[in-house]
Amino acid sequence: PHPLYPSFPPIRKMGLAVLSAVMVYLATQTSARVWVPVLLALLVALGLYLWMRRVRLSDGEKFRVAFVHPDLGIGGAERLVVDAAVGLQQLGHSVVMYTSHHDPKHAFAETADGTLQVKVHGDFFPRSVFGRLHILFATIRGVYLAIVMVMFEPRYDVLVVDQLSVPNPFLRLTGSRIVFYCHFPDLKLSGRRGALKSVYRLPFDLLEEWTTLLADVILVNSRFTSRVFRETFRSAVHDPTVLYPSINLAAYDEPPPAGIQSTELYRILDTHATFVSINRFERKKDVGKAVRAFALLAPHLGGRFRELRLVLAGGYDPRVAENVEHKQELEALAESLGVRGQVIFKPSFTSEERSAMLSKGLAVVYTPANEHFGIVPVEGMYARRPVIACNNGGPTESILDGETGILCEDTPEAFAQAMLQLLADRGR
């Protein structure tokens, strides 16, 4: 297929050729008497084309569902939509995933092994320019993906859009019902803002609110996110519905394959008391707090400390400068604290490695503060591993303090005390 558009049926290729010829003709005309009537005719033809292609709801109880996700990599948001798509497919619905980027080598297995059908449009656009303008290019990629879906892709009964809401106004032209899953308002994730950045972000912030509220149904991942949603999008008439993320239980019930037992990771997990941190390599996840807390255990444990290990695992994309830089920062931090030999880095792990870490680790250390929900604590608790997390945000809705984990203050010292408590409980 041509890199700029999908593989079209012959009739659509013919339509595209005619449209291109008309546009070339208009570009050569200077008289409004020529191009205004032609342009109006094109708009009428486009409206008729879209009207004829509006979705007809499926008969019966089985529906055609499409997921629209900006970047199908490895992370909590991706895990949620992949599990939801697989679940719907297992119930007999027809499911397709649309995205602007998908690298089978850096994605969940279900999107790479044929379990789910994945269609990619717009990956030729850059993610940024010299590490800047991320939201601008995310918007461009999202708009392009939506336009391709409107003009050339099949129709669906339901479109599940998440993370990026800018496709919504275009997707409404399909006549499909739109469900928007808000993991967290993007304007709250843009970091510190100076005067120039505030001016740059303003149109995107306004666009986010308008496009988000165009969805037929708006879902959020926690009561915490729901409160932030109401505070952020003040023009919303109705509160969003809280739908907690779930996990595919069957994927966690399978025993680790025999081959993984010969790996270095499994040997470490099998022979050392190991704390496990699972997060993307992003600064906002504050994984450094786990490294500092781990180093603080040394004075309390003496020689026994050398038997401990800390695994830092998570989504890692070499295309993303922050992932590369932050992993290097964490390695330097571990080196400066004298624990580099006990900290194991596992970027972009497999499902089998995840199961091994959760089943063999001593506990899960979940460091983000004010996390929107946090799927990792749910994974850890299902694996019967206690979870140490901050006493704020989404984890307060999933962890029972003192029963399924420990909720503590957002400091390395508090996390270290929780780790010592779990070590003491282990020795009983």
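Colleague: In this predicted model, over the ring of which residue does the charged end of R354 sit?

Modeller: A charge counts as sitting over a ring if CZ of Arg is within 6 Å of the ring centre and within 35 degrees of the ring normal. The charged end of R354 is 4.1 Å from the centre of the ring in question. That ring belongs to Y252.

Colleague: Is the pair of F281 and Y316 stacked or edge-to-face?

Modeller: A pair of aromatic rings is described by the distance of the centres and the angle of the planes. For F281 and Y316 the centres are 5.9 Å apart and the planes stand at 90°. Planes over 60 degrees apart count as edge-to-face, so the pair F281 and Y316 is edge-to-face.

Colleague: How many residues apart in sequence are the parts that the pair of F281 and Y316 ties together?

Modeller: F281 lies in the loop between strand 8 and helix 11. Y316 lies in the loop between strand 9 and helix 13. The pair therefore ties together parts whose separation in sequence is 35 residues.

Colleague: Are F281 and Y316 buried or exposed?

Modeller: The term buried requires a relative accessible area under 20%. Both F281 and Y316 are classed as buried.

Colleague: What span should helix 17 have at 1.5 Å a residue?

Modeller: Helix 17 covers residues 412-426, which is 15 residues. The expected span is 1.5 Å times one less than the number of residues.

How values were computed:
Residues are numbered from 1 along each chain as its sequence is written. This is a predicted model: local features need pLDDT of at least 70, side-chain atom pairs count only at pLDDT 80 or more; totals for chains, interfaces and linings use all residues. Side-chain values use heavy atoms; hydrogens and water are left out. Helices (H or I, at least four residues) and strands (E, at least two) are DSSP runs, numbered from the N terminus. Rings of Phe, Tyr and Trp (its six-membered ring) pair if their centres lie within 6.5 Å; planes under 30 degrees apart count as stacked, over 60 as edge-to-face and the rest as tilted. Buried means under 20% relative accessible area, exposed over 50%, partly exposed in between (1.4 Å probe, protein chains only).
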